[in-house]
Amino acid sequence: NRLQNDMIQPQSHLNVADNSRARELMCIRIIGASNRQYAHIGDVIIIVIKEAVPNMPLERSKVVRFVVVRTCKELKRDNGMIIRYDDNAAVVIDQERNCKGTRIFGAIARELRQLHFTKIVSLALEGALPGMKEQKWIHEGLITDSLPNGMFRVRLDNEDLIL
Amino acid sequence: MEIKSALLLLPNSSLPFTTSSGPLFSVHRRHLNPPEAQKLLPLPATKLNSWPVDHNGGGYVSSSLQMGRSLKHQLSISPGPSVFSPMALGSDTSVDTDDMFDDLFKKYGKVVFRSSDQKSATADIDDDAESLSFAVAAAKVASEVKAGDIRVLFVKPLVYWTRFFIIATAFSRPQIDAIGTKIRDMAEKQFGRVAAGDSKPNSWTLLDFGDVVVHIFLPPQRAFYNLEEFYGNATLIELPFES
């Protein structure tokens, strides 16, 4: 379990959240301003593929664009909810923001929809991490901690959520 | 709290990914007494199957289909051990037991969080009807522009973030553009809705109207992404016209 919370920056390694057959990725650049330092969920980054399943269209040492979908760095929402995942993961996209993979694995945050990546959300089976407002079912969370300010840390699958 | 096993609520056909191999399994359901139910926010369980991995051939239940309605009655489905499935008996214990829930309740009290804007059942149905009329109108517009194979899927039980999907095939990029603009115009005039989503035509153009999402594909893309298979459990809405 990661103890550090770092955002994605060049040289960061990420997992792949879709079925595009890449395995391990390394960030080399973040799209945005010229010396943009960190990427969060919903940012497009340039990636070099460090490891991939052999004989697939995505090869090792190929340079591609990916969208970050999960970060170990927590994501804050306006309603005070904080979401933190256990891994850093990204999904491959092309220039037109289409996914190259066909299915997305793992939890996907609602923010991706607001950033116009609804396609990613619609390919994700686990839907997005349900905000308390729109979820139609309630996720079971194992309450791990009671925090001093009256909130609880809840563990869901591979995420922590602080309520 | 009584624990009932319920086989009835989840018809076999609607369970994706779980009942591939034989054993019938029952799902423990915790039924809360009505007076308590008002106060209680169940901390229940739903573990969705992650596609395409199948956990233990039946240990987890995809409860998405019935939960929307049943939640109103404060029922919960616990992923607890499927008693009748021989595979689950010695299964990994990432599945929590009822005892643990009881302990948590005792320790932290019953009400943890309650969302204050859950609508009543009738209001929800009205919203659904409104979205449905919008979806059908959009599908009609698409058929006027000669889109192929238009499907309207009711995905609300599967997906929390939207209600309806409209999937259509366009045979050329200008046609995608045409369908997109016509749908947008219609939405703005008749329903006053604005779409988020792709503004430039794309081989997969998506128009996001909040509770209705329109997907316009080129034929190779439609086969590639195969959304109908992915949302195979969604009910297809009958369209009043030929497509």
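Tutor: Two strands count as paired if DSSP finds at least two bridges between them. Helices (H or I, at least four residues) and strands (E, at least two) are DSSP runs, numbered from the N terminus. This is a predicted model, in which local features need pLDDT of at least 70 and side-chain atom pairs count only at pLDDT 80 or more, while totals for chains, interfaces and linings use all residues. Residues are numbered from 1 along each chain as its sequence is written, chains are lettered from A and ligands numbered from 1 in the order in which they are written, and side-chain values use heavy atoms, with hydrogens and water left out.

Student: How many bridges join strand 1 of chain A to strand 2 of chain A?

Tutor: Strand 1 (residues 13-16) and strand 2 (residues 22-30) of chain A are joined by three bridges and run antiparallel. A:His13 has A:Met26 in strand 2 of chain A as its bridge partner. These two strands form a hairpin with five residues between them, and A:Arg21 in the turn has a positive phi of about 70°.

Student: Which way does strand 1 of chain A run against strand 7 of chain A, parallel or antiparallel?

Tutor: Parallel, with two bridges to strand 7 (residues 89-93) of chain A. A:Val16 is partnered there by A:Ala90.

Student: In what order do the strands of the chain A barrel follow each other?

Tutor: Five strands of chain A close into a barrel in the order 1-2-3-4-7, with mixed pairing. Its neighbouring strands are turned by 55° against each other on average, direction ignored; for such angles, axes are lines fitted to C-alpha atoms, for helices over the stretch in contact, and angles run from 0 to 180 degrees between N-to-C directions. A:Leu25 stands opposite A:Ile49 in strand 3 of chain A.

Student: What is the strand order of the open sheet in chain B?

Tutor: The six strands have the order 6-7-8-5-4-9, again with mixed pairing. Strand 6 (196-197) and strand 9 (235-236) of chain B each have a single partner strand, so one side of each lacks a neighbour in the sheet. Strand 6 of chain B runs antiparallel to strand 7 (residues 204-208) of chain B, with two bridges. B:Ala196 has B:Asp208 as its bridge partner in that strand 7.

Student: Which strands does helix 5 of chain B lie across?

Tutor: Helix 5 (residues 121-144) lies across strand 4 (148-154), strand 5 (164-169) and strand 8 (212-217) of chain B, at about 5° to strand 5. Just after the helix, B:Lys146 takes a positive phi of about 65°.

Student: Which residues of helix 5 of chain B are buried?

Tutor: Buried means under 20% relative accessible area, exposed over 50%, partly exposed in between (1.4 Å probe, protein chains only). The buried residues of helix 5 of chain B include B:Asp124, B:Phe134, B:Val136 and B:Val141. Of the 243 residues of chain B, 50% count as buried.

Student: What is the mean pLDDT of chain B?

Tutor: pLDDT is the predictor's confidence in each residue, from 0 to 100. The mean for chain B is 66, and 55% of its residues reach 70 or more. Over residues 1-92 of chain B the pLDDT is below 50, though this stretch has 185 contacts (heavy atoms within 4.5 Å) beyond near neighbours in sequence in the model. The model scores ipTM 0.71 and pTM 0.61.
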